[in-house]
Amino acid sequence: MTDTVITQHLKAQAVDRPPKKKESPISLAITPWLNSLPSTLLDLLKQNTGASTLEEVQQNLVGSAPKRWVVYEPMVLLPSGSFTSEPWPSVLTSLSTFQKEDLWTSILDQLSPPKAPLTHLAINEGIPLFQSDQQEENILRSPTGLHPLHGSFGSPTSPSFPSSLWVSTKQNSLTQTWAPLHTMFSRGNIKEKARLLSFHSTIPLGSPPLHPHRYLPPATLNNSYAIDLYAGIGYFVFSYARLGLKVLCWELNPWSVEGLRRGALANKFTVRVITTPEDLGRPTKELIAGAEEQIIVFQEDNRHAACRIAELGEEEKPKVRHVNCGFLPTSEPVWKDSFDILVQGFAAPSPSSKQEGGWLHLHENVGVKDIETRKAQIQGLFDGWCSESQDATLKANVEHVEMVKTYAPDVWHVVFDVYVSSSITN
C-alpha cells in the first residue's frame, strides 16, 4: 500500500469514527468527588447500591445525574426530580453534611464561568396552585417547592429583602430580578415579551399590514400608558417601558414588587412603589399627577385599579394603550375592569386627552381544540359589554390569538388580543 493510499485510508477512518461525546460538567464533577471519599465509605456505597465495583457505582451515579440546568446568576437551578433516581437516594443518605457540600461545590465549580463564580445550587419544583397545608389558592404563586442544596437563600422563618438571595437573568436585553425562595420566574414568557416589544413596529416593507392601527410612532407612545394588573417582577412591564410607555402596575406579592423595583433600576427605568397604607389611602390624583417616574407600582389588590382610574378627572385620565392581564390559569376575573379602564378614556372632552383605542391582552390556559370556541365566547362577552355602553359606536374585536407555550398536554398558554375602539374618537 503506497503512502498516498495509506493516508487516504487513515482519513477515511477518521471521518467514519463517531465524534467523542462531550462529557457533562456535572459528570466531570462527580468522578473526582467520588474518588475523594474514604475507602470505608466507598465500600458502604457499593453495598447500599448493590454494585460490585467502584466503577459500577460511578457509572450508575453519572447515568442518573441531571443532564440539564439553568443559570440565573449566581444560582444554578436543576430540573425537578434531580438526584431522586437510584442510586442517588441511597448514596446521599450515606453521606455526611460535609461530604454532600463537597459534591454541590464541585458541581458549581464545574459549571462556573472563569470570572463569575456560581455560588448557589437548588432543585426546581412546579409552582403549586394551592397552598400545601390547605386548599386555599396560592394567589401569590410562591415557589414553595424550591429545594435549596447549597448557599444561603435567606431565612425561611424571618425573611427580609437584604438577607435573601436575589438572582437575575436577561431576556430580550432586559434584566429580570427576583428572590427564588419567594418569587417564581417563568422563562417561557420570553416569546410574549418579544412580541410586545415589536407590537408597534413600523409597517413591513412590501406587504400590507395585518393590523394597521397597531403601528404607532414613538412620540405617540411616549404620551401613553400601559396598565399591568398582574405585574409580578415586571415580566411585561419592562417591555412596555422599553417602548416608551408609562406603566401603572398592580401587584400583591411584596417580594415580586421588590424584584420589579430592582429590575426597573437595573434597566435604567425610573420607578416608584406605593406600598404603605397611608400612601395607598391617598387620592390617586395625588399619587400619579405630575409623576416623573416611568413606572408606578401599587402594592395592592388589582380590584382597586379601575376605581383608581375612575376617580381621576376627565382631563387627568391616562391615555391607556394596553391593559395586560397576565395570570394563569385564567385572568377572566379582571376582564370587565380592564375593559372599563379603556372605555373611560373614550369620554374625555378634549381631543388632546381623548382615548384613541387600545388593547387588552387576556392570558388563559386553553385546550388546543377549544381555542376558536373560546375566542368566540370572549368576542360575545365583549360585544355584550359594548352594547351596554352609552356610546353606540363602541366596539371590541378579538383580533389575534397568540399561542405562547404549552402548559400541559394539548393545553396552551394563549393570549387573546382584544382591540377596543370608538368611531367617535377614531
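The largest cavity holds about 40 Å³ of space. The structure is a predicted model, in which local features need pLDDT of at least 70 and side-chain atom pairs count only at pLDDT 80 or more, while totals for chains, interfaces and linings use all residues. Residues are numbered from 1 along each chain as its sequence is written, and side-chain values use heavy atoms, with hydrogens and water left out.

**The cavity**

Rolling a probe the size of a water molecule over the atoms shows where empty space is left. A cavity is a set of points, on a 1 Å grid over the protein atoms alone, where a 1.4 Å probe fits but cannot get out. Grid points are joined across faces, edges and corners, and the volume is the space filled by probe spheres set on the points. The structure holds one cavity of 30 Å³ or more.

Which residues line the largest cavity? They are Gln-171, Asn-172, Leu-174, Gln-176, Lys-193, Tyr-235, Phe-238 and Ser-239; a lining residue has an atom within 4 Å of a point. Strand 6 (174–178) and helix 9 (237–242) are the elements that give two or more residues to this lining. Helices (H or I, at least four residues) and strands (E, at least two) are DSSP runs, numbered from the N terminus. By type, the lining has three nonpolar, four polar and one charged residue. Here Ala, Val, Leu, Ile, Met, Phe, Trp, Tyr, Cys and Pro count as nonpolar, Asp, Glu, Lys and Arg as charged, and the others, Gly among them, as polar.

Asn-172, one of the lining residues, is placed in the loop between strand 5 and strand 6. Its phi is near 55°, a positive value in a residue other than glycine. Asn-172 is partly exposed, with a relative accessible area of 29%. Buried means under 20% relative accessible area, exposed over 50%, and partly exposed in between (1.4 Å probe, protein chains only).

**Aromatic rings**

A pair of aromatic rings is described by the distance of the centres and the angle of the planes. Rings of Phe, Tyr and Trp (its six-membered ring) pair if their centres lie within 6.5 Å; planes under 30 degrees apart count as stacked, over 60 as edge-to-face and the rest as tilted. There are 18 aromatic pairs in the structure.

In one of them, the ring centres of Phe-161 and Trp-255 are 4.8 Å apart and the planes stand at 85°, so the pair is edge-to-face. This pair links distant parts of the chain, 94 residues apart: Phe-161 is in the loop between strand 4 (147–150) and strand 5 (167–171), and Trp-255 is in helix 10 (residues 254–266). Phe-161 is partly exposed at 28% relative accessible area, whereas Trp-255 is buried at 11%.

Phe-339 and Trp-385 have ring centres 5.8 Å apart and planes at 40°, so this pair is tilted. Phe-339 lies in helix 14 (residues 335–344) and Trp-385 in helix 15 (residues 371–387), so the pair ties together parts that are 46 residues apart in sequence. Both residues, Phe-339 and Trp-385, are buried.

Ring pairs also join Tyr-72, Trp-178, Phe-185, Tyr-235 and Phe-236 into a cluster. Tyr-235 is among the residues that line the largest cavity.

Two charged side chains sit over rings, as the table shows. The rule is that NZ of Lys or CZ of Arg is within 6 Å of the ring centre and within 35 degrees of the ring normal.

| Charged residue | Ring | Distance from ring centre |
|---|---|---|
| Arg-262 | Trp-166 | 4.1 Å |
| Lys-336 | Trp-385 | 5.9 Å |

**Cysteines**

A disulfide is a covalent bond between the sulfur atoms of two cysteines. It is counted here as a pair of cysteine sulfur atoms within 2.5 Å, and the structure holds zero disulfides. Is Cys-325 buried or exposed? Cys-325 is buried, at 0% relative accessible area, whereas Cys-307 is exposed, at 52%.

**Backbone details**

A cis peptide bond joins Glu-73 and Pro-74, with omega about 5°. Pro-74 is in the loop between strand 1 (70–72) and strand 2 (75–78). The peptide bond from Leu-328 to Pro-329 is also cis, with omega near 10°, and Pro-329 is in the loop between strand 11 (320–325) and helix 14.

Phe-83 has a phi near 65°, a positive value in a residue other than glycine. Phe-83 lies in the loop between strand 2 and helix 5 (88–93) and counts as buried at 7% relative accessibility.

Definitions and conventions:
On a 1 Å grid over the protein atoms alone, a cavity is a set of points where a 1.4 Å probe fits but cannot get out, and a pocket is an open set with protein on both sides within 12 Å along at least five of seven lines; lining residues have an atom within 4 Å of a point.
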